[in-house]
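Here's a quick tour for anyone opening this structure for the first time. Take a look at the sequence and the model, then read on.

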Amino acid sequence: MKIFSESHKTVFVVDHCPYMAESCRQHVEFDMLVKNRTQGIIPLAPISKSLWTCSVESSMEYCRIMYDIFPFKKLVNFIVSDSGAHVLNSWTQEDQNLQELMAALAAVGPPNPRADPECCSILHGLVAAVETLCKITEYQHEARTLLMENAERVGNRGRIICITNAKSDSHVRMLEDCVQETIHEHNKLAANSDHLMQIQKCELVLIHTYPVGEDSLVSDRSKKEEEQHANTSANYDVELLHHKDAHVDFLKSGDSHLGGGSREGPFKETITLKWCTPRTNNIELHYCTGAYRISPVDVNSRPSSCLTNFLLNGRSVLLEQPRKSGSKVISHMLSSHGGEIFLHVLSSSRSILEDPPSISEGCGGRVTDYRITDFGEFMRENRLTPFLDPRYKIDGSLEVPLERAKDQLEKHTRYWPMIISQTTIFNMQAVVPLASVIVKESLTEEDVLNCQKTIYNLVDMERKNDPLPISTVGTRGKGPKRDEQYRIMWNELETLVRAHINNSEKHQRVLECLMACRSKPPEEEERKKRGRKREDKEDKSEKAVKDYEQEKSWQDSERLKGILERGKEDLAEAEIIKDSPDSPEPPNKKPLVEMDETPQVEKSKGPVSLLSLWSNRINTANSRKHQEFAGRLNSVNNRAELYQHLKEENGMETPENGKASRQ
């Protein structure tokens, strides 16, 4: 059924009785010339509108907003009710404009306060409104023509807005009963007519109008604001009305900041957009996904007038919307086309007009290891083909091809990692026989046997301690140990099998085999513990060797430094001996050659570290491989006395200070 909503037809019924000529008692300052007023001139008294004027202004404001946002397929019919019903326009598109309505209302004029109230009734207008709703609009006639013999499938709905003064609750119920009875009677007439349509649904809106007390504070406050901002530039808010689809993209994505805890739910009636001043104002640079007409709420206010004139002069305004993350995004743009102002929805994501990113490069450079080859194979396995012969389910019902295709796609994607680094079993050739058949709706005995063989092969791989293709991207060091790798693999394999456990009873058998192989016997656990201890010992040995190499390099540098210092001291002593008149010339000697020292093994107090034990062992082994230097063996405090044979021949003694003397 082609259903027209209630807003397709709207009938305004305005009361034209003498009571509507009374003042609303809300005064408006008429004389605004306060500064340059000549002395002695009495200011003009404030004026007040009548109830009829307020009703006409409110109804015309409704029509203005609706015509601005929905220029087509939203129709308004105006009826004035006093002693009879006066229909001011029709459902044709030519009569749907403010000029026609204002001219018709001006011809009617204000209500006569001296008229007889007993002769006037709002019921005349309500009856005429129901009769008008039964008439066919141009859009309904077009839809009925297209459907031909199925013309009754076109719906007819409408809305009646009645502006009057209700005397009491019983008066309101009387008006409702009158509208309901009238609809029932006119539906009978429309059932036997080709030019009328039955009313399926009608909304009745009653607006009760009555005078209010005076409120001078409102006019005073507005006057002060006018004086304050007369010659200055101030920030202001402009409330705009538009179609709700202008925000549907952000509401679907959940990226917009709409405020939490609102009674209006996720679809708020008001969303705040802030004026944004970007570096460029070129309309051609922005990719729009939609454009919707707007209408200011207060069209005559200064902020609305400034914004409207700014846009009608060919300028554009970019609007930004806050995100939940705290950042902001330029989401909308205001611009005019052909004298009408539109709210453009800007795309916050990648434009469909741009070249798509290469999947090998990654989206934004974040993910690059997609399973591209596996996804190509996945698409080949799930291609759609013509479904020629009908198939029946187990219960005898006909199987729908589309539902069968969706069901198969759902089974194949219950567990399907998209990234290589997020899976282990799909990177192993040994798991392919199981992964390819476990997604089936039912398994054969041969399939179950192949799955069990695959599980046994994995157990054998774990017993042999074979390496697994574990991704180490983003991890430091060597990655997880061998036992941890196999634990990850078994967990992922169990996740895959459990995702299809409800397909058939044979899937349950595969899971039972998997769980039985995962529960290892005690001797296997003991062997695993010994393997872990051996790996820990190897890691400690490697660390000790590295620490010893660093310690040895430091000891070598210290030893070289000590040898150079002793060489300098020996040269100084030789010069002192040469200065004596009786000392002979020393023989020519070869330059000092660096020799490795064997450090003395010091007994440490307390517990000995593994590094000390290892260093002592290496030093002891090295000391046995060469003959120790005689000077070092006879030295005192690592100091050897030079030229002892010469001293013995000459009968000289060398005191500790190095000065020579004769006996």
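One spot to start with is an aromatic cluster made up of Phe12, Tyr62 and Phe78. Keep in mind that this is a predicted model: local features need pLDDT of at least 70, side-chain atom pairs count only at pLDDT 80 or more, and totals for chains, interfaces and linings use all residues. Residues are numbered from 1 along each chain as its sequence is written, and side-chain values use heavy atoms, with hydrogens and water left out.

**Aromatic pairs**

- Rings of Phe, Tyr and Trp (its six-membered ring) pair if their centres lie within 6.5 Å; planes under 30 degrees apart count as stacked, over 60 as edge-to-face and the rest as tilted.
- By that rule, the count is seven aromatic pairs.
- Phenylalanine 12 and phenylalanine 78 make a stacked pair, with 5.6 Å centre to centre and 20° between the planes.
- Phenylalanine 12 sits in strand β1 (residues 9-15) and phenylalanine 78 in strand β4 (residues 75-81), so the pair ties together parts that are 66 residues apart in sequence. Helices (H or I, at least four residues) and strands (E, at least two) are DSSP runs, numbered from the N terminus.
- Phenylalanine 12 is buried, at a relative accessible area of 3%, and phenylalanine 78 counts as buried at 0%. Buried means under 20% relative accessible area, exposed over 50%, and partly exposed in between (1.4 Å probe, protein chains only).
- Phenylalanine 375 and phenylalanine 378 are stacked too, at 5.9 Å centre to centre and 25° between the planes.
- These two are three residues apart in helix α9 (residues 372-381), so about one helical turn separates phenylalanine 375 from phenylalanine 378.
- Phenylalanine 375 is partly exposed at 40% relative accessibility, while phenylalanine 378 is buried at 12%.

**The open sheet**

- Six strands form an open sheet in the order β8-β10-β13-β12-β11-β9, with antiparallel pairing. Two strands pair if DSSP finds at least two bridges between them.
- At the edges are β8 (240-242) and β9 (274-276), each of which pairs on one side only.
- From one strand to the next, the twist averages 40°. Axes are lines fitted to C-alpha atoms, for helices over the stretch in contact, and angles run from 0 to 180 degrees between N-to-C directions.
- Helix α1 (residues 51-69) packs on the sheet and touches β8 and β10 (288-296), its direction making about 165° with that of β10. Contact means heavy atoms within 4.5 Å.
- Helix α8 (residues 302-312) lies across β9, β10, β11, β12 (328-337) and β13 (340-346), and runs at about 75° to β12.
- β9 and β11 (residues 317-322) run antiparallel and are joined by three bridges; cysteine 276 has leucine 318 in β11 as its bridge partner.

- Serine 335 belongs to strand β12 and is buried, with a relative accessible area of 3%.
- Glycine 339 is in the loop between β12 and β13 and counts as exposed at 59% relative accessibility.

- The protein chain has a mean pLDDT of 76, and 69% of its residues reach 70 or more. pLDDT is the predictor's confidence in each residue, from 0 to 100.
- Residues 256-266 stay under 50 in pLDDT, and the model gives them 17 contacts beyond four places in sequence.
- Residues 571-602 are also below 50.
- Where pLDDT is low, the predicted coordinates should not be read in detail.
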